[in-house]
Amino acid sequence: MNMQYTRLGRTGLKVSRLALGTMNFGPETTEADSFAIMDRARELGINFFDTANVYGWKLGEGLTEQIIGRWLAQGGGRRENIVLATKVFGRMGEGPNDQRLSAYHIKRSVEDSLRRLKTDHIDLYQMHHVDRDTPWEEIWQAFEQLVQQGKVLYIGSSNFAGWQLAHAQGLAAARHFVGLVSEQSLYNLAERSIELEVIPAARALGIGIVPWSPLARGALAGSIGDGVQTGRRGSEPTQKFIAKHHERIVRYENFCSELREKPADLALAWLLRNPAVTAPIIGPRTLDQLEGSLRALEIHLTPETLTILDDIWPGPGGEAPEAYAW
């Protein structure tokens, strides 16, 4: 099977239709296994690697970025052949300026990420959340300087509302700056609220949607049928979500059985057929999980199938899963 590629938003940059999420690297997956997953992802044609400075979940250490950096340092075309994305916003220290999107924190964070990742530039630098305390003039000036210095190529957002995308992009345009090219949003069959305003705004502005948690933290991965409760599927929030939506999940898994497709594959395929979606972020803990995700690229969803999925998981809108309460 040949990997499929698409443009990242309105840019000329081509990225794979599946993005490799690395949040498990360190906390759930050993460094050796993480290396094996990244090597295999490259072999499969996945060139879009996503991480964040806070991943690893030890304050200020950036453990996941460090793992990726040691992998990149092996050479062999690893850095040259991937689109490397990371994020800024989260708390990285005890100081009052060790979080959010001040120019002060952005400058320090990018230097720290570059050091941990052992690279001289970040391809896609993403705001992990909205910062309502920092003016956009300050944010955009900080990012413009990073682009001018060659330390960052493209800017993305994550967890923005539709109006925030429009507001930010309007101010970027007034500065003659490219602005946002992608938005990472919570989006899956069970959580479709971004269909109301985020997706229409993103499509109008040429911003590619990069869905995170495409399997609803494992709830759409066959949680009931196989009885597996490892990883995120075994977490308390996911188990609460499964209990709350037990009937829908059973209907969904039964429907997948009728189609002879795995629930996880159908959930990814459903996202991929949306023209607003650039690449769902898959977060494999094992090589088997990584390789299994590629089936989604081959699934064709008929209008009848889409109608049934809409009946099981209504949209747009709907209830936000308790697992994502901030």
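I count a contact when heavy atoms lie within 4.5 Å. The model I am working from is predicted.

**Entry 1: helix α11**

I looked up α11, which spans residues 303–312. I asked which of its residues are buried. They are T305, L306, L309 and I312. Next I checked how they sit around the axis. Their arc is only 120°, so these residues lie on the same side of α11. Then I turned to the opposite face. Facing away from the buried side of α11, I found the exposed residues P303, E304, T307 and D311.

**Entry 2: packing partners**

What do the buried residues of α11 pack against? I found two helices there: α8, residues 246–259, and α9, residues 263–272.

**Entry 3: α8 against α11**

Two packed helices are described by the angle and the distance between their axes. For α8 and α11, the axes come within 10 Å and cross at roughly 165°. Angles over 145 degrees count as roughly antiparallel, so α8 is roughly antiparallel to α11. I noted the crossing of α8 past α11 as left-handed. I then listed who makes the contact. From α8 come R248, R251, Y252, F255 and L259. From α11 come T305, I308, L309, D311 and I312. T305, L309 and I312 are also on my list of buried α11 residues, while D311 is on the exposed face.

**Entry 4: aromatic rings**

How many aromatic pairs does the structure hold? I noted nine. I also looked for a cluster. Ring pairs join Y125, W136, W140, F143, F160 and F177 into one.

Methods. Residues numbered from 1 in each chain as written. Predicted model: local features only at pLDDT ≥ 70, side-chain atom pairs only at ≥ 80, totals over all residues. Heavy atoms only, no water. Phe/Tyr/Trp six-rings, centres within 6.5 Å; stacked < 30°, edge-to-face > 60°. Buried < 20%, exposed > 50% of the residue type's maximum accessible area, 1.4 Å probe, protein only. Helix = DSSP H or I, 4+ residues; strand = E, 2+ residues; numbered from the N terminus. Arc of directions from axis to C-beta. Axes fitted to C-alpha atoms, helices over the stretch in contact; angles between N-to-C directions. Parallel < 35°, antiparallel > 145°, perpendicular 65-115°, else oblique. Left-handed = near helix turned anticlockwise from the far one by under 90°.
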